[in-house]
Amino acid sequence: MPTEEALSAHNVLLTGHEGATVNAYQAQPDGDGPFGGVLVIHHLPGWDSSTKEITRTFAAHGYNAICPNLYARQGLDTDPDDAAAAARADGGVPDAQFVGDAGAAIEALRKLPTSNGKVGVIGYCSGGRQSFLTAVSLPVDAAVDCYGAFVTGTVPDGFPLKVVPLVDRTPSLACPLLGLFGQDDQFPSPEHVDELEEALKAAGKTYEFHRYDGAGHAFFSTNRTAFRPEAALDGWARIFTWFGTNLAGA
């Protein structure tokens, strides 16, 4: 970790899926590097201040980090709550669109002059599923799934988002996967996590799962009643160990 945790952060523009303009929040540690990169995927509530704080946290720990606004098509300057509502009304972010936007963010990280060429991905809530989607679709060096729903399981009838399970794509996973889950969660439930673990074992993938008793969905969210400090503190320690192991070096 940089001694002074010095960093800079600003908004950038990316050319995303099908040439769309996507805004993103980028944070970088002070110094010449080389630094690993982290693609931060925001949760379902959107590209909000809490996710930007997470992005800065990675920079404070010595990573170039970027968080694209997955709801940019709902308006580059739209309030995150309004953009999230509009995105949900549209059925969410299509997987192909997400992968295009994520690829642009990964390319931006690798092009930074302080990059060591390695990039990891992390996501929370819907972003956990999208982190797994990134890891089976794009070249990344490590992935973290924080309670991502519908990687496995069955999407309930009437669910507002147009999502499909991804577990059948597990053989395409090309990087180590860390999974952090609450035992009291329903999406994903402990049974959903078991299903994913069995698929990873069957495909011979490198993974590490941790499950927290007394924690449900969104236990990392400090501004929500779901926040569980002990689980979050342990989870953060494991995230930094995971990325430290897999994203280090030139």
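In helix 2 (residues 80-89), the buried residues are Ala83, Ala84 and Ala87. The model is predicted.

**Exercise 1.** Work out how the buried residues of helix 2 are arranged around its axis.

*Solution.* 
- Start with the rule: an α-helix has 3.6 residues a turn, so residues three or four places apart point the same way.
- Next, take the residues under 20% relative accessible area: Ala83, Ala84 and Ala87.
- Look down the axis of helix 2. The buried residues fall within an arc of 100°, so they line one face of the helix.
- Turn to the other side of helix 2. Asp81 and Ala89 are exposed there.

**Exercise 2.** Find the residue that caps the N-terminal end of helix 2, then give the phi of glycine 91.

*Solution.* 
- Begin at the N-terminal end. The cap is aspartate 79.
- Check the contact. A side-chain oxygen of aspartate 79 lies 2.9 Å from the backbone nitrogen of aspartate 81.
- Aspartate 81 is also one of the exposed residues of the helix.
- Glycine 91 has a positive phi of about 95°.

**Exercise 3.** Count the cavities of 30 Å³ or more, and describe the lining of the largest cavity.

*Solution.* 
- Count: there is 1 cavity of 30 Å³ or more.
- Volume: the largest cavity has about 40 Å³.
- Lining: Asp145, Gly148, Val151, Thr152, Phe181, Pro188, His192, Val193 and Leu196.
- Class: the lining has 5 nonpolar, 3 polar and 1 charged residues.
- Source element: helix 5 (residues 190-203) gives the largest share of this lining, 3 residues.

How values were computed:
Residues are numbered from 1 along each chain as its sequence is written. This is a predicted model: local features need pLDDT of at least 70, side-chain atom pairs count only at pLDDT 80 or more; totals for chains, interfaces and linings use all residues. Side-chain values use heavy atoms; hydrogens and water are left out. On a 1 Å grid over the protein atoms alone, a cavity is a set of points where a 1.4 Å probe fits but cannot get out, and a pocket is an open set with protein on both sides within 12 Å along at least five of seven lines; lining residues have an atom within 4 Å of a point. Grid points are joined across faces, edges and corners, and a volume is the space filled by probe spheres set on the points. Helices (H or I, at least four residues) and strands (E, at least two) are DSSP runs, numbered from the N terminus. Ala, Val, Leu, Ile, Met, Phe, Trp, Tyr, Cys and Pro count as nonpolar, Asp, Glu, Lys and Arg as charged, and the others, Gly among them, as polar. Buried means under 20% relative accessible area, exposed over 50%, partly exposed in between (1.4 Å probe, protein chains only). The arc is that of the directions from the helix axis to the C-beta atoms. A polar contact is a pair of N or O atoms within 3.5 Å; within protein, one must be able to donate a hydrogen and the other to accept it, and residues adjacent in sequence count only if both atoms are side-chain atoms.
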